[in-house]
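Welcome, and thanks for opening the viewer. Keep your selection tool ready, and let's walk through the model together.

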Amino acid sequence: MAPSRENSVKQSETESCKTSSKKAINSKTQLILQSRKHANEIFDVLEFLQSDKQKEVLFAIAACQKIFCALLERGDLYVGQLPKEEEIVEGDRDADEKYHIFVRHRYNDCVELLLENTSHEVFQVKEAALCTLMKFAAAEGKHPLQKQEWSEHFNFPIELILAVVRCLLSETEDMALLISRFQEFLEMDDVRYYVMSSIRDNIAKIMDKNKQAVLPVYQTNVFTLLTNITMPSKSSDITNFLIQQETNQEDWKAVKLKEHRRAFEQMWLTFLKYKLPGGMYKKVLVILHDTIMPHMSDPTLMIDFLTAAYDVGGAVSLLALNGLFVLIHKHNLDYPDFYKKLYNLLDPSVFHVKYKARFFHLANIFLSSSHLPVYLVAAFVKRLSRLALTAPPTALLIVLPFVYNLIRRHPSCRVLIHRPSAADELCNDPYLMDEEDPTKCHALESSLWELQTLQKHYNPDVSKAAKAINEPLSRQEQDISELLELNNFELMERDLKSQVQSVPLEFDPASGLLQSTREVLGVHFSLE
């Protein structure tokens, strides 16, 4: 029983300590707000922000929010270029001005401590600190601490937002959870605009300071914050503001869609200008064509990044196809040797990457033009047919219709099917599989003997699809969109659900217990 009594005693002591600290903080908060003569009590409240006890820090954060929001509303903080504290005792300053300068300095101290607490080990403290900082931003917007006659930002607290962004983009700590909490504020149009500008400046500063080296933690935080930004699609969507401007709001950059697009574009271009961690290229390319490029003022500025990614090879090149497709079809990008590179992307790995469906969808579009030279289409047909020999069934059910559609679009490629000497030349195929240039691979001199081989495939669906080449191909192309997402599980399910046909067990079905049909007929004819 002794240990339990000790525990209960410790627990009661802890609770009483929490209660006493909460009472102390609340008492000091009331004194500060009641009279200026208790202004020095602010030091004690700020000291609680540095406490090792989580509850005390949370109580202090709530108290600071109450104190300084009220003082801002009263106009008790000094407005303008803040003098140093040592200068308070110097010069001819009245008591009011000295008080305002003092409170403004304490407010700055509070902001610094809250920024430090955004890296606290307890998420609840981080969240409380972040939300309080944004409360301060809203209060500063209503009661600016700088004279606004010359400011292009009107009364938006740009310095405070810069500091918040700097904390979110930590170089040493993963801030994904806190950034997801910050997404609520990114829905406000003015906050989003100034956050985008702050991110751009922060990236340039940090990356140049580190001599453009790869910083995995920092760049991951940047990417997380970037992907939490949702852009408005039209000017009428820009209606939600943290701070309402009383005059000339139409001149404010934060209300203009054009300025939002420019800030969004510069932010992403600055991020992509530096070398990224290996896996991040794929993450960027997955969202580039539908989340980033549509909101850019000039999407053609992505040409350098996309062409560099397209030259990397592998899955990165496959993903770069989406962005290149947008630039080629909508912005008239002229990419030299594009089809040569697309041809070289066809290797055995293309059937196993998770972006397989996207690749074949885009390849189908790129090869849809009837103006492509015959030798180029024949090279794609032959390469796919050769790769099909080792491809899994799910891939073959895409490749075979894909090849047939290419032949339908380009009838000159039918020579690959109807080559009389193909059977005799089977062991001496002139096609050069290792040749990277489709103009030199001699595909038109070869034949599609691989499709005949696939007619004996173990999978009946593949075998049936391969036998389609034995019949004249119809003019109507086959829709492969339903096959692009086919996987092994769906293929197995489809086979299991197919209706089993009855299989005859005898050549001549018996009509009686001991006689066959043939014997009965024989007896009938003999009687006649």
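Is Glu 450 buried or exposed? Select Glu 450 and look: this residue is buried, with a relative accessible area of 0%. One thing to keep in mind as you go is that this is a predicted model.

**Stop 1: the partner of Glu 450**

Arg 386 and Glu 450 form a salt bridge, and their closest N and O atoms are 2.9 Å apart. Arg 386 belongs to helix α16 and Glu 450 to helix α18, so this pair ties together parts that are 64 residues apart in sequence. Side chains of opposite charge can pair when their charged atoms come close.

**Stop 2**

Next, select Lys 382 and Asp 429. Their side chains meet in a salt bridge too, at 3.0 Å from N to O. Lys 382 sits in helix α16 (residues 374-388), while Asp 429 is in the loop between α17 (393-409) and α18 (449-454), so parts 47 residues apart in sequence are tied together here. Lys 382 is buried, with a relative accessible area of 0%. Show Lys 382, Arg 386, Asp 429 and Glu 450 at once: salt bridges that share partners join them into one network.

**Stop 3: a pair at the other end of the numbering**

How many salt bridges does the structure hold? There are 19, and another one to visit links Asp 96 and Arg 36, at 2.5 Å from N to O. Asp 96 lies in helix α4 (residues 95-117) and Arg 36 in the loop between α1 (2-34) and α2 (41-48), so the pair ties together parts that are 60 residues apart in sequence. Asp 96 is partly exposed, with a relative accessible area of 41%, and Arg 36 is partly exposed as well, at 38%.

**Stop 4: Lys 142**

Select Lys 142, which is in helix α5 (residues 123-142). Lys 142 is exposed, with a relative accessible area of 66%.

**Stop 5: two positive phi angles**

Most residues other than glycine have a negative phi. Asn 332 has a positive phi of about 55° although it is not a glycine. Find Asn 332 in the loop between α13 (314-330) and α14 (338-344), where it is exposed at 69% relative accessible area. Finish at His 442, in the loop between α17 and α18. Its phi is positive, near 60°, and His 442 counts as partly exposed at 36% relative accessibility.

Terms used: Residues are numbered from 1 along each chain as its sequence is written. This is a predicted model: local features need pLDDT of at least 70, side-chain atom pairs count only at pLDDT 80 or more; totals for chains, interfaces and linings use all residues. Side-chain values use heavy atoms; hydrogens and water are left out. A salt bridge is a side-chain nitrogen of Lys or Arg within 4 Å of a carboxyl oxygen of Asp or Glu. Helices (H or I, at least four residues) and strands (E, at least two) are DSSP runs, numbered from the N terminus. Buried means under 20% relative accessible area, exposed over 50%, partly exposed in between (1.4 Å probe, protein chains only).
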